[in-house]
Amino acid sequence: MSRPLSEFIPGQRWISNTESNLGLGVVVDVANRRVVMSFPAVQEERTYAIDNAPLSRVIYPVGEQVKSYQGLEIVISEVIEEDGGVYYLGFDAEGEDHSIDELELDSSVHFSKPHDRLFAGQVEKNNRFQLRLETLKHQHQHVKSPGFGLIGPRVQLLPHQMFIAHQVGERFAPRVLLADEVGLGKTIEAGLVLHQQLTSGKSSRALIVVPDSLIHQWLVEMLRRFNLRFTILDELRCTALEMSDEGVNPFETAQLVLCTLPFLTNSTQRQAQAIMAGWDMLIVDEAHHLEWAEDAISTEYACIEALSAEIKGLLLLTATPEQLGMEGHFARLRLLDPDRYYDLAKFREEEASYQPVRKLMEALLADDVLEQIQDAAVQASLAEYLGQARIDALLDAARNLEDFVAFDELLQTTISELLDHHGTGRVLFRNTRDAVEGFPERILHQYPLPEPDFYLESEKQLLDGADLDLLLHPEKVFQDRWLEADPRVEWLVEWLAANRDEKTLVICAAASTAKQLEEHLRLYEGVRSAVFHEGMSLVNRDRAAAYFADEDDSAQVLICSEIGSEGRNFQFASNLVLFDLPLNPDLLEQRIGRLDRIGQKNDVNLHVPYFTEAQGHLLAWYEQGLNCFATACPAGSALFERFETPLLTMLRGHANDDEAEKLISETRAAADETMAALQAGRNKLLEMNSCDPLRAAELIENIDNASASSKLSKFMEKVFDQFGVEQQHHSTNSIVLHPSDHMHCESFPGLPEEGMTATFNRTTALSREDMHFLSWEHPMVAGAMDMILSGEFGNAAVCSIKLPPLKPGTLLLESIFTLHCAAPKHLQVQRYLPETLVRIVVDVNKTDLSKVLTEQHINNLAERVGKRQAVDIVKHTRTEINAMVAEAEELAEKQQPAIYAAAQENVSHVLGAEIERMVALAEINPNIRAEEIAALVERQELLEGYLETLQLKLDAIRVIVAT
């Protein structure tokens, strides 16, 4: 039926040796040493290099029954080859003659007849059969897991991150704003969503756009945490690609692409190419830098707007909405859904309308909820949103408190449904530090230093000139002699000497300051140091960060310019020296956020040396006014705008002590009032929408259970043994893997020639980033499972058993049938199938022994049969085996209707209920996009249609002889 690789000619039919689920393929193009293959059954296309394409030519033999895509079935009587193509002559069930060109063949058919291999003498060892069956079961269990797509990433299982990832990753073409406060892991959330979308097949092409300074960090994070290999595109690489292949769109040369925003905005050609490349998902980091106003749109905003208009899925990562202001917040939402968010004034009115929902939510969350629901105003408000029937149900449940669980469940349902009324709750996710546990304590250390004589001489002139930049950055006053004269330098040298074992991050405003300070520490003070500033290349910045992060022989201190305040994570350090203070509360929080993050195991020590009055006043305003050293202050930007004039007056030395004290007092009162307001209204609703602790805990438990590291390690140990991969113990929970000279395959998936160190344990993987984290979703594990199941590995075996009830010589056949449906990957048909395999055991008398002789029963008793003896057994019992295969097929087919009915019921129950929920939700929440509902309806229709093509395929057989 299949022949070895030969010349490719358009119109020929071939099969993939590695992806049998694709069905029958057809050659559509051959050029430039590549062959393009279309697989009509799953509506997918593949491009292969001609010299190593994993394909086999399909030519059916005489006597075989074939079927056309129109449903015509014939038994082949003659095969005619002409100009590289084939057509078949044959007769149908009525004996009428027909011809079928190979192009007309049904593409949904699949090829695997293990008994043909058996009769050809290709008998495999019994343990290979067992491993194949075990692989089938593991694969089905994994696909059906509630944590599917979230098991593989090397991340802590943090409730707020997992909840968002699951909520967003399950959607069709999600378009959301991830706006967690600094340090809560927006990058990880975006990676989790993308990983789930790619694993499930909902997305296959993704573009990530980031600031210049973060491109290599994203590249490393996507690979290290998510095993996603992105290609960085810049002008140099694009030019090289275009020179090597004229007419190519560089953005179409990779499935996962990472680039910078300036790269796109600086070239209309690159921007147009990116738009035309056809993406499923766009991720934009630091989206708060996209400036927009009703009367002015920045180039950067226009670029992302053009991209987002053509790409179905969109994730925006940004600072919290309050820091953006109402207009900035609206601008982000406008990118997500321009049809929904088209008028700023209307949006302001809508946001104000959420106040009644907040008050009602407070009543339902109150400790005295039983009394609250008796209040007429609460009842009237609840009836307005959810109807009088809900009020009556709550009151009835409250009167019968013997069953408090029933009341509590109804109350939780009420709260959940009420949250659906919160407009932006579906498109905006924001968690705050107050709502998330695991953050360290911030400890401020102030170091007032004496003013040098030189500075005292200049200070009056500075104050008269009111040069604020010089007042806040006195190194500019000292100019060339600042390293000797500035007391902060001497303090830093002494502090580092006294704390040699402490990793310390130093941030200052200017690149020149950072560069000169680091050079001084390294060359003249003997400090192990590194520098990080915008004048360095991206590669050199990454090297500096890696030198600082390394555990052994690493830098004690990293000196950063302001560029170190955004995006980079240095939570392995616990000391931050603020060499100067930025005149922007948000920038200060960004600086502190480099250390104060989820995963920080120690208290964060903030060290502020200062000697000018301006520095001292700014420090006091931040500490006593905003309290932003002790805790995050999301309203800092708004408060700075409110008090900017008197603050600048104070910093310039134009305010007396009473005026300065009054400013700080008024700032603190306003900060307390603003923070209290931020805890109310829409923010509280957003937090509840952004993380449901109970559902998050359930999800994490499911992920933990599905991860099953001990089960996975035992399974992979068998796989490594079967394929000849060398295994060595490394340490607890860790192994070293190497290719060996006796490998049973040309190369093992994901295993480099130099070998690798790996762990199956998540905790170990988080602390040892040099090790691979092997999970059911790791490319090595997934590749190994595909290698086993897509080929003939273990699908024809012979063994013997000794079981008293069976007479010696008794012949049994164990047949494994898999349920096959040639549907596109993104439909995830397997998730709706109650089973993906049917196991049948019969004897020569056609007796069904499937329930009597279980798989485990046979495995425990099975003994090896030598290959020569096995071949002889098969040769002499061929007639009986054929009869038993036919009987097994008949018994298996009898089970198919029940499996089909259960699958259709699952589709109807799961998707039908979701469609009904979304339709009802759309009536009260305009953020439900019509295309989301349409996609769900289409998904249900497609699944129901594809399930009608459900076929049982004989996947493997084991001949069993009683001794």
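Let's start at strand β13, residues 231-232: 2 bridges join β13 to β14, and the two run parallel. A word on terms. Two strands pair if DSSP finds at least two bridges between them. Helices (H or I, at least four residues) and strands (E, at least two) are DSSP runs, numbered from the N terminus.

Now the ground rules. This is a predicted model, where local features need pLDDT of at least 70, side-chain atom pairs count only at pLDDT 80 or more, and totals for chains, interfaces and linings use all residues. Residues are numbered from 1 along each chain as its sequence is written, and side-chain values use heavy atoms, with hydrogens and water left out.

Back to β14. Which residue stands opposite Leu 258 in this strand? Ile 232 does. β13, helix α6 (residues 235-244) and β14 together make a right-handed β-α-β unit. Right-handed means this: with the strands pointing away from the viewer, the path from the first strand over the helix to the second runs clockwise.

β14 also pairs with strand β12, residues 206-210, in the parallel sense over 5 bridges. Ala 206 has Leu 256 as its bridge partner in β14.

Is β14 enclosed or open? Buried means under 20% relative accessible area, exposed means over 50%, and partly exposed is in between, with a 1.4 Å probe and protein chains only. In a regular strand, side chains alternate between the two faces of the sheet. Look at β14: Leu 256, Leu 258 and Thr 260 point one way, Val 257 and Cys 259 the other.

Stay on Cys 259. Its relative accessible area is 0%, so it counts as buried. How many disulfides does the structure hold? The count is 0. The cut-off for a disulfide is a pair of cysteine sulfur atoms within 2.5 Å. Cys 508 is in no disulfide either; the nearest cysteine sulfur, in Cys 560, is 8.2 Å away. Cys 508 is also buried, at a relative accessible area of 0%.

Next, a sheet. 6 strands form an open sheet in the order β20-β25-β24-β21-β23-β22, with parallel pairing. Which strands stand at the edges? They are β20 (442-448) and β22 (529-532); each has a single partner strand, so one side of each is left without a neighbour in the sheet. From one strand to the next, the twist averages 20 degrees. For angles, axes are lines fitted to C-alpha atoms, for helices over the stretch in contact, and angles run from 0 to 180 degrees between N-to-C directions.

Inside that sheet, 4 bridges join β21 (residues 504-507) to β23 (residues 557-560), running parallel. Val 506 has Ile 559 as its bridge partner in β23. Helix α21, residues 487-498, lies across β20, β21, β23, β24 (575-578) and β25 (604-610). The helix runs at about 145 degrees to β25.

On to another sheet. Here 5 strands form an open sheet in the order β32-β31-β34-β30-β33, and the pairing is mixed. Its edge strands are β32 (837-843) and β33 (863-864), each pairing on one side only. β31 (residues 811-820) and β34 (residues 951-962) run antiparallel, joined by 10 bridges. In β34, Leu 952 is the bridge partner of Leu 819. Helix α2, residues 126-144, packs on this sheet and touches β30 (796-801), β31, β32 and β34. Its direction makes about 145 degrees with that of β34.

Where is Asp 106 found? Asp 106 sits in the loop between β10 (97-101) and α1 (114-119). At 14% relative accessibility, Asp 106 counts as buried. Leaving aside neighbours within four places in sequence, Asp 106 is in contact with Leu 24, Lys 67, Ser 68 and Tyr 69. Contact means heavy atoms within 4.5 Å. A polar atom of the Asp 106 side chain lies 3.0 Å from the backbone nitrogen of Ser 108. Gly 23 is 83 residues from Asp 106 along the chain, and their C-alpha atoms are separated by 9.0 Å.

Then Glu 327, placed in helix α10, residues 321-336. Glu 327 has 30% relative accessibility, so it counts as partly exposed. Thr 299 is 28 residues from Glu 327 in sequence and 17 Å from it in space, C-alpha to C-alpha.

Notes: A polar contact is a pair of N or O atoms within 3.5 Å; within protein, one must be able to donate a hydrogen and the other to accept it, and residues adjacent in sequence count only if both atoms are side-chain atoms.
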